[in-house]
Each structure stands twice: as structure tokens, then as C-alpha cells.
Amino acid sequence: MTTPTIELKPTARPLSDTEREAILADPGFGRFFTDHMVTIRWTEGRGWHDAQLEPYAPLSMDPANMTLHYAQTIFEGLKAYRRPDGTVASFRPRANAERFQTSARRLAMPELPVETFIEACDALVQQDKAWVPAHGESSLYLRPFMIATENGLGVKPANEYLFLVIASPAGAYFSGGVKPVSIWLSEDRVRAVPGGMGDAKTGGNYAASLLAQAEAAEKGCEQVAYLDAVEHKWVEELGGMNLYFVYGNKIVTPSLTGSLLPGITRDSLLTLARDLGYEAEEARVSIDDWKNHTADGSLTEVFACGTAAVITPVGLVKSAGAEWTQGDGEPGKVTMRLREALLGLQTGAESDTHGWMHEL
Ligand code: PLP
Ligand code: COI
């Protein structure tokens, strides 16, 4: 066996204005990172300490780092937008900070104070403001996360942690603009179980989704819809997005069962939809409801929602025994109206009547 040559890449930070502008012209999603990051350490007996805003750089890690073995890790995702007047604001960072605390509790990790979470995100956005895209629905995606930093192979909560925030300019999550996605209904593989950690934002849930995602791709689908783990009949969510079902003037999202993520976009849409005159409710939705109500025409549209993907229409659904087109397979009217309202508020084109935007 030959040994591969290891390429040594110099870290050239900050990037030049020209390099940054080239990236911002077509950032995609999660491919490029800004010049800085925030790090804050936690040590048992000492609490949170050594908060730093530093150049974006690789982390050095012991091979016995506990995160690498037992996955004690949590993350968040939120966006900062540049508004028409040039100012920058992030969307509901407090809600992300609170969910981060919930995830921390579930993973037996220390809770970062809400204000520290918000300050850390603000500090990074202030420092790397030039990286906030200025066109259309583009944004700066912030990825706060926490890992265990203790080394050792004993299975127990670590006694040291590192919290970080990195940022990545984001265009559309799905390339090709707003086009409906195809969904594979996974009737045997589940993402999370009752009493498990499906409502925490932790890496293990995403690892658990990858095989079903690969199977979906083999069936020609872009995303997987997971069902509940007990009866295999109740629709829960996608691997990285919540779902909404549109019945004419009413929108319905699956109830929070403990095994799906309480999405902040999902929550915001319950309110925004009511503002626009729709009925909006949380309820259990079965695959039979999905299939039969599409067939009888009462289920007019289905869409997915999340920070990264915003609102994305569902165009085609496939399962082992069935396949159907959602509506006419094109983005639906209600879906697009909600999308416009949400993005309008986030980008500053519409007024922020709920005080959701956090100005920097
Ligand atoms: N469900 C999962 C599994 C997710 O990863 C995400 C993304 O964050 C969502 C739903 C949507 O949540 P939010 O709207 O808070 O981004
Ligand atoms: C988000 O929308 O923030 C997500 O976390 C989804 C995905 C990128 C994991």
C-alpha cells in the first residue's frame, strides 16, 4: 500500500476583498466560512471562561477526545440578514439560545447562558459584517455548537467542553432556486424514538438519518420523511426540516411528540400564517391522511421549512407501495405566500411586527 501525500495548506486569513466577493457572488450552502470564530471554554468547577473572538482555524484534538467516540455534541443554526438600509439583523437568536440549552440538558452538557449565546453570535457577525451578503434572500448562516473536550474512553459526561460559533455565507440551500423537492417516505427506518433525543439538535440524529437519505437518493428522491418509531404511521419531519400540510385555508404541522425537532421556522409560521388570515394548527398527520387527502383534493399543498431551507415546496412523494404528485407538482400559492411573508420580514422588506429581528 502506498502512503498518501499529506498536503499542507497554509491558513490564509483574512481572505482578501476579491476572494470574499467571489465567494459571496455564489456561496451555496455551508461551503465557505468567514474569517473569524468565537470560542468559549467550560471546565467543571470553574464554569464558562476564556471567551475569544479569533481567526477561523482548525482545532487540534487528541485522538481520545470523547466527542469523537461518544458524540456528546450539539449545534444550532440561525441566519443574519442585511437589510435594505445596510444594517444587519439576525432572526430570533433567543429562540435558538433556548433550544441550545434544551439540547445541552438532554446530552448532559453544561447550559450556556442565553445572553452569552446571543453575545457570541453578535460578536462574530459584527467582526465579519463584510461577509453578510447583500442580495435577495442570501444571508450569513451562523452555526453555534458545543463539543466535549475531555480525553478518555470512559462513557460519562465530559468534564470539559468547548463552545464555538462559526459563520458561512448562504445562498439557496437547494441549488436551482424554489423548485419542489421529492420526498421518500421511510416506512422502516426511523430517525428518533420516544424517550430518545429526536427533539435535541445533536449530531447523532443526523448520523441516524444518512442511510435513509442515501436510500432515498437511490429511489430518485431528494429528502426523506420520517414516521413515528412505534406505529410507523404518523408523519414526523424531514432530516433537516419540519413539514406543513395545506388544506385550502388551513395549515397543519405535525404535533411535537418529543421525537421531532421543535423548529423555530415551524413555530414562526404558526403565527405568520394567522397574521395572513389562515387557520394554523398542530395535529398528528398520518401517511394515510397524506395519501387520501391528496387523492380527494382536500390536501392542496405540502411544504418543508427550516432555517437553512426557508420554505421549500414538496412536489412528489414516493413510498414502497405508492407514489403521488403533490398538487400539480409546482410550488403552491399558500406555500409561496408564506415564503414571501417570512423572507420579507427577515430581509427587512416587511415590518417586523413580532419583534423577531435582533439588530446588531
Ligand atoms: N428539523 C430538523 C431535524 C432540523 O435539523 C431543522 C433545522 O434546524 C429543522 C427541523 C428546522 O428547524 P429551524 O426552523 O429551527 O431551523
Ligand atoms: C438548519 O436549518 O439550521 C439545519 O440545521 C438544517 C441542516 C443544515 C442540518
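Guide: Let us begin with a hairpin. Strands β1 and β2 form one with three residues between them, and Gly45 in the turn has a positive phi of about 90°. This is a predicted model, in which local features need pLDDT of at least 70, side-chain atom pairs count only at pLDDT 80 or more, and totals for chains, interfaces and linings use all residues. Residues are numbered from 1 along each chain as its sequence is written, while chains are lettered from A and ligands numbered from 1 in the order in which they are written.

Visitor: How many bridges join β1 to β2, and in which sense do the strands run?

Guide: Helices (H or I, at least four residues) and strands (E, at least two) are DSSP runs numbered from the N terminus, and two strands pair if DSSP finds at least two bridges between them. Here, seven bridges join β1 (residues 36-43) to β2, and the strands run antiparallel. Val38 stands opposite Leu53 in β2.

Visitor: Which strands does β12 pair with, and in what sense?

Guide: Strand β11 (residues 242-247) is joined to β12 (residues 250-254) by three bridges, and these two run antiparallel. Tyr247 has Lys250 as its bridge partner in β12. Two residues lie between the strands of this hairpin, where Gly248 takes a positive phi near 60°. With strand β13 (residues 279-283), β12 pairs in the parallel sense over five bridges; Ile251 stands opposite Ala280 in β13.

Visitor: What is the C-alpha separation of Ile251 and Arg274?

Guide: The two C-alpha atoms are 9.5 Å apart in space, although 23 residues separate Arg274 from Ile251 in sequence. Arg274 is found in helix α6. It counts as partly exposed because 13 other C-beta atoms lie within 10 Å.

Visitor: At what angle do α6 and α8 cross?

Guide: Axes are lines fitted to C-alpha atoms, for helices over the stretch in contact, and angles run from 0 to 180 degrees between N-to-C directions. The axes of α6 (residues 264-275) and α8 (residues 333-347) come within 10 Å and cross at roughly 105°. Therefore α6 is roughly perpendicular to α8, given that angles under 35 degrees count as roughly parallel, over 145 as roughly antiparallel, 65 to 115 as roughly perpendicular and the rest as oblique.

Visitor: Which residues meet there?

Guide: Two residues are in contact if their C-beta atoms, placed from the backbone, lie within 7 Å. Ser268, Leu269, Leu272 and Ala273 in α6 meet Leu338, Ala341 and Leu342 in α8. For classes, Ala, Val, Leu, Ile, Met, Phe, Trp, Tyr, Cys and Pro count as nonpolar, Asp, Glu, Lys and Arg as charged, and the others, Gly among them, as polar. This contact has six nonpolar, one polar and no charged residues.

Visitor: Where is Glu350 placed, and what does it contact?

Guide: Glu350 sits in the loop between α8 and β17 (357-359). Leaving aside neighbours within four places in sequence, Glu350 is in contact with Ala341, Gly344 and Leu345.

Key: A residue is buried if 20 or more other C-beta atoms lie within 10 Å of its own, exposed if 12 or fewer, and partly exposed in between; C-beta atoms are placed from the backbone.
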